Amino acid sequence: MAHYMNRRDTLQLDLRYGAGLRAAPASHGITGVSLGGRGVVVKCWMATPTTTSAHLRYLTHGKGTDGTDTTLFNAHGFVRDPRAFVHAASDDPKQYRWVVSLVDSSQLSLMRYTQALMRQVEEDTHHPLDWLAATHRDTPRHVHTHLVVRGRDRDGQVLALPRTYLYQRLRSRA
């Protein structure tokens, strides 16, 4: 049986642009890295919505270039005030949190990339998702994007993403 990566596992990929992809040992079961494809690491975990406000503060405070604050964004663009998202998420049964790190992150607009990825996730799951993201540039060699996905879709339906989707399909889509 495969062991899928969780948030406590360490990343064992060389994420520098142009560096060869060195996969972690087979026991880690990291998926989403394929020959001819884009090198990507996706970490997924579930959290309780009670920590949403604090987590969003962490995602923005000092995580931009040279320690500046970064701005949250969603499918429509930048989000200056996440209070409506935090309030709406307070009744959710759970919350999904993801980190997406690309080998060639310096070559892309990570906001547009993340928006396209989330459109694909919506299409795959047949749910209109409510999410916020922030790109961390505080470590120049490991630029990555954090996503917070509500446990309910925009229609108010409980969102239950299957583990097989989170640990296999999502990574292959990324």
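Predicted model: local features only at pLDDT ≥ 70, side-chain atom pairs only at ≥ 80, totals over all residues.
I would like to begin at the end of the chain, with helix α4, which covers residues 163-173 and in which Y165, L166, Y167, L170 and R171 are buried. What do the buried residues of α4 pack against? They pack against β1, which is residues 40-47, against β4, residues 95-102, and against α3, residues 110-125. If we take L170 as one example and set aside residues up to four places away in sequence, we find that L170 touches V42, C44, W98, L117, V121 and Y165.

Let me now step back to the whole chain, which has 4 helices and 6 strands, arranged along the sequence in the pattern β-α-β-β-α-β-α-β-β-α. Of its 174 residues, 46% are buried, and among the contacts with a separation of 6 or more, 71% are between residues 24 or more positions apart. The chain exposes about 9,500 Å², and carbon and sulfur atoms supply 51% of that area.

The largest nonpolar core has 26 residues, and the ones that touch the most other members are W98, M118, V121, W131, V149, L166 and L170. Two or more residues of this core come from each of β1, β4, α3, β5 (131-136), β6 (144-150) and α4, and the element that gives the most is α3, with 5 residues. There is also a second, separate core, which has 8 residues, including L56, L59, V79 and F85.

Next, I would like to look at strand β6, where 7 of its 7 residues are buried. H144, H146, V148 and R150 point one way from β6, while T145, L147 and V149 point the other way, and all of these are buried. Which strands pair with β6? β4 runs antiparallel to β6 and is joined to it by 6 bridges, with V100 having T145 as its bridge partner. β5 also pairs with β6 in the antiparallel sense, over 6 bridges, and here A134 stands opposite H146.

A search of the whole structure finds 1 aromatic pair, and this is the edge-to-face pair of F73 and W131, with 6.1 Å from centre to centre and 90° between the planes. Because F73 lies in strand β2, residues 72-74, and W131 lies in strand β5, the pair ties together parts that are 58 residues apart in sequence. Both F73 and W131 are buried.

In sequence H87 and S53 are 34 residues apart, yet in space they are 9.1 Å apart, taken from C-alpha to C-alpha.

D92, by comparison, lies in the loop between α2 and β4, and with a relative accessible area of 6% D92 is buried. Leaving out residues up to four places away in sequence, D92 touches P49, R150, G151 and R152.

Definitions and conventions
Residues numbered from 1 in each chain as written. Heavy atoms only, no water. Buried < 20%, exposed > 50% of the residue type's maximum accessible area, 1.4 Å probe, protein only. Contact = heavy atoms within 4.5 Å. Areas by Shrake-Rupley, 256 points an atom, 1.4 Å probe, with all protein chains shown as cover. Core = buried A, V, L, I, M, F, W, Y, C linked by side-chain atoms within 4.5 Å. Phe/Tyr/Trp six-rings, centres within 6.5 Å; stacked < 30°, edge-to-face > 60°. Pairing = 2+ DSSP bridges.
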